Amino acid sequence: MGRPAPRTPAVRVPPLAAPWVRTRLRAAPGAAAALALLVALTACLAGAFPRAVDRYEDAGLHRALRQARPEHTTVRVSVPQPDPGLPAGQRARALRPEVLERQFRKVLGTVDSPLAVDRAQSAYGVAGTVSPAVPDPWLPRPTGLPARVSLAAQSGLARHAHVRTGRLPRAAHPVDGTTPEVEAAVTAATAKGLHIRVGSVIHVPAPGRPPLAVRITGIIVPHDPDGAYWSTVPLLRTPTLVTLPTPGPDPDKYWLGALLLAPEAAPALLGTGTNPARYWHLAPDLRALHAHDLDLLKPAVAALESGPALQRARAVTDYGADIGTDLDDTLASFSRLRSGISPLVSVAAAGAATVVAVVLLMAGGLAADRRRAELALLRARGASLSGLAGRLLAETAVAALPAGALGLAVALLAVPAGRTGPAVAAALATTLTACAALPLRAALAHRTVRLTAPREDVTSLRPSRRRTVAELTLLVLAVGAVATLRRRGTTGDQLVAVAPVLVGVIAALLLLRLHPLLLRRLSGPTGRLRGAIGHLSLARAGRTQASAVLPLLALLTALTTAAFGGSVLAGVAEARDRAALLTVGADARADSGAPLPADAPARVRAVPGVRAATAVSISYQAKPADGQDSVPLVGVDPRAYGELADRTGAGTFPAGRPTGRSGTLAAVASPSVASAYGTRRPFPVRLEDGSTVTVRIVLVRDRTPAVTGPDFLVVDRAGLGAVAGRPTALLVTGAHLDAGALRRAVGGAAAVRTRADERARYADSPLQTGAEHVYTAAVTAGAGFAVLALLLALLRAAPERAALLARLRTMGLTRAEGRRLLILESLPQALLAALGGAVTGWAAIRLLAPGVDLTTIALPSATAPTVAAELHPDTWSLTVPALLVLTVSTGIAALQAWWSGRRGSVTELRAGDSR
């Protein structure tokens with residue numbers, strides 16, 4: 001038998017199928033580029049938003065801490081002097097710098113995160129808690145009382161100051177409680193106030209021994225006077241002229257200054273009567289404190305004051321240690337301000353996020369509709385639903401993921417401050433939404449294999465039960481959110497932030513149910529009109545796909561958010577204008593403690609922009625009924641001042657010059673003054689110049705332009721004496737007033753304030769202005785994406801409209817009639833969105849206004865007058881966005897008609913085209 005013939009190895013032939021993703025990207029590069037651009041833009045905005053919020057909140061926190069000053073924000077750990085019963089050497093060792101430094105390092109370890117300590121501005125040392133009077137006669141004595149000094153031996157003096165004269169203090173030998181003389185330095189401000197020079201010797205009393213001689217060896221200048229090192233105890237850098245609460249016109253006063261000893265000389269304080277105490281000052285590091293850690297910062301501070309951290313600090317220092325700070329009060333105040341602003345920003349964020357999500361879903365829906373025939377063919381040839389969705393996901397991800405990463409990188413570079421995690425999460429969410437939009441829409445449309453696509457006309461498709469249940473669920477959520485916001489205000493949970501969005505969603509669903517009814521109502525009248533354009537346009541509007549819920553939802557949400565946001569910004573501006581007007585009393589004001597020059601009113605009236613200048617005399621120390629309480633008495637010209645009060649809305653003054661019997665002056669008073677002195681009987685008022693007038697209260701007003709306080713009396717200036725009636729203030733009315741020109745007009749004799757400057761002062765808080773800017777940006781982004789949603793909706797129907805115009809032109813339709821057809825076809829949905837958006841915005845504002853307080857974002861709580869900043873509908877915010885929707889819709893329809901006319905019917909109509 002012969003051997004069998006060798007077998008030829010089988011050669012595996014690779015499949016001839018082309019890669020899906022590469023083929024699709026080559027076939028439609030424009031669509032992939034458009035998707036990448038959309039994803040990059042949305043990812044950039046989504047990534048920048050949380051970092052922008054972090055940036056302005058951190059800036060607001062840092063400003064609040066700086067305004068509170070280090071004497072209130074520094075954590076002060078203090079320990080009393082060692083037990084007098086201990087040996088002298090042991091007591092002295094407890095005050096030496098090496099021991100205090102070792103304890104300082106251990107105290108730093110007791111501070112819980114996220115509270116960070118600025119080691120460069122922190123300090124430790126020994127200071128006397130009692131400031132004894134020194135007998136040296138060369139020290140200044142303003143009223144005969146001797147000056148007092150505070151002894152302090154603080155670490156790091158050489159690092160935080162430079163020597164202007166002399167040298168820094170030293171301790172050449174070990175110092176204890178019996179040392180007769182030590183060296184010290186003083187700041188330049190202390191040397192100037194207490195007349196101290198290099199070489200001066202100050203004798204500090206010591207019980208049971210001769211006074212401790214403190215020799216001044218140097219005068220120093222602080223590097224950072226406002227830093228925590230010098231400002232935790234301001235006395236270290238600046239002396240104080242203390243006024244004692246003694247009766248009489250000239251109370252007793254004395255100077256109090258600090259002498260800065262070398263740290264090695266601290267034990268010398270044990271031999272004085274200053275009752276020395278050891279201390280460790282922990283200055284918070286503002287750069288490491290963030291607003292998003294506020295919920296952790298407050299417990300960390302509380303633990304230091306009366307918690308586990310206090311016990312740890314006592315274990316490493318002394319069991320008599322005490323920790324004090326006002327940092328918790330500052331954090332609580334900032335937290336209240338932040339909690340009043342954050343919900344308003346969340347409203348804009350929720351609206352913008354909803355519109356962006358709708359646009360991404362619409363982009364996926366547009367791509368799915370354009371490829372409906374292709375995907376239906378694949379399903380008919382046996383493609384599985386999961387396999388088809390997976391390929392579409394891969395195809396979209398290739399373009400979307402790099403674009404999302406690029407948008408995130410741009411956001412991180414554009415907004416360098418803030419957390420990275422929330423930015424990445426927001427950008428990732430938008431990118432994943434864009435990736436999933438096309439596969440989900442295709443899977444939903446092709447879950448069943450069909451030979452032909454079903455009709456989805458808005459007039460023919462009936463709402464399903466699932467849709468009804470979903471709409472009722474959203475309605476319940478919207479009603480609950482509105483009720484919660486009206487009852488609890490903006491301090492509730494995050495559900496209230498989406499209340500305007502839910503109102504817009506409910507309105508969109510309601511309008512979609514009303515849309516077919518309105519079209520059916522209009523079909524009869526339009527059918528009786530001459531010409532076919534009206535009837536055909538209405539029929540075309542009725543053929544709109546029921547999936548138009550997305551563009552309508554985007555438009556209504558954007559219009560509602562824009563109306564709500566515009567009304568918020570208008571309410572903020574109105575509250576600031578009102579508060580500035582009440583504070584200044586007019587458009588500008590010139591105040592002087594002495595009578596103004598006689599020609600000052602005329603010079604002010606000659607300044608460009610000034611329409612009127614009302615002269616008033618204000619006596620702030622007027623004493624009614626010969627009592628001790630002072631009430632500001634304002635002397636005015638009744639006619640001019642009445643016109644000013646009418647313009648400002650701050651109370652009216654009676655016309656004419658009414659007087660009572662026997663020369664009694666009629667007066668307008670505040671409610672508190674009227675309650676204290678009555679309105680039935682006249683009473684005397686003693687003025688600052690010693691003269692007396694008799695007044696009778698005839699009118700009571702809550703406010704008056706000349707005085708901002710709660711107490712005032714307003715009388716006719718003609719009834720005052722020659723001295724008391726001379727003007728001390730000018731209330732100026734005009735537009736675009738120049739403060740510099742007004743100061744030159746009054747000749748520097750008065751302090752000038754303008755309403756514009758006062759209003760600008762209300763808007764200088766980083767937290768308030770940052771929230772306002774982010775709010776405006778969010779509303780603007782939402783409006784821009786809403787316009788993009790409208791463009792996508794019109795682009796979706798563009799091929800069908802172009803084919804329709806081409807067919808009609810072959811039957812004699814003119815270009816003008818084609819423009820009218822497309823414009824009239826787009827009008828029903830545009831009018832529905834515009835009118836529905838305006839009505840929905842108005843309804844949302846009216847429903848949510850009782851629970852929204854704009855005072856927090858409009859005015860600083862400490863300096864502004866009491867003004868109610870209420871939310872009310874703003875006409876411009878309601879009408880301008882709605883008109884913009886109509887303009888864009890009709891403009892796009894006219895542009896499409898013009899472009900179709902240029903291409904011609906032959907180009908649009910092709911054999912086999914199913915449009």
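A residue is called buried when its relative accessible area is under 20%, exposed when over 50%, and partly exposed in between (1.4 Å probe, protein chains only). With that in hand, let's look at this protein. It is a predicted model, in which local features need pLDDT of at least 70 and side-chain atom pairs count only at pLDDT 80 or more, while totals for chains, interfaces and linings use all residues. Residues are numbered from 1 along each chain as its sequence is written, and side-chain values use heavy atoms, leaving out hydrogens and water.

**The whole protein**
- The fold has 28 helices and 21 strands; these are DSSP runs (helices: H or I, at least four residues; strands: E, at least two), numbered from the N terminus.
- Of the 915 residues in the protein, 48% are buried.
- Carbon and sulfur atoms own 60% of the accessible surface, which comes to about 43700 Å² (Shrake-Rupley method, 1.4 Å probe; for residues, only the protein chains shown count as cover).
- Take the contacts (heavy atoms within 4.5 Å) between residues at least 6 apart in sequence: 82% of them join residues at least 24 apart.

**Gln121 and its neighbours**
- You will find Gln121 in the loop between α5 (97-108) and β2 (123-128).
- Gln121 counts as buried because its relative accessibility is 18%.
- Setting aside residues up to four places away in sequence, Gln121 touches His160, Asp224, Gly227, Ala228, Tyr229 and Ala283.
- With Tyr229, the side chain of Gln121 reaches the backbone nitrogen at 3.0 Å.

**Aromatic pairs**
- Rings of Phe, Tyr and Trp (its six-membered ring) pair if their centres lie within 6.5 Å; planes under 30 degrees apart count as stacked, over 60 as edge-to-face and the rest as tilted.
- By this rule there are three aromatic pairs.
- One of them joins Tyr229 and Trp230 edge-to-face, at 5.2 Å centre to centre and 80° between the planes.
- Tyr229 is buried at 3% relative accessible area, and Trp230 is buried at 1%.
- Tyr677 and Phe683 are stacked, because their ring centres are 5.2 Å apart and their planes are at 25°.
- Here Tyr677 is partly exposed at 24%, whereas Phe683 is buried at 5%.

- Leu472, Leu475 and Val479 make a nonpolar surface patch of about 260 Å².
- Patch residues have over 30% relative accessible area and no salt bridge; like charges are joined within 9 Å, nonpolar side chains (Val, Leu, Ile, Met, Phe, Trp, Tyr) within 5 Å.
- A salt bridge is a side-chain nitrogen of Lys or Arg within 4 Å of a carboxyl oxygen of Asp or Glu.
- Leu475 sits in helix α14 (residues 465-488) and is partly exposed, at 37% relative accessibility.

Conventions: Polar contact = N/O pair within 3.5 Å; in protein donor to acceptor, adjacent residues only side chain to side chain.
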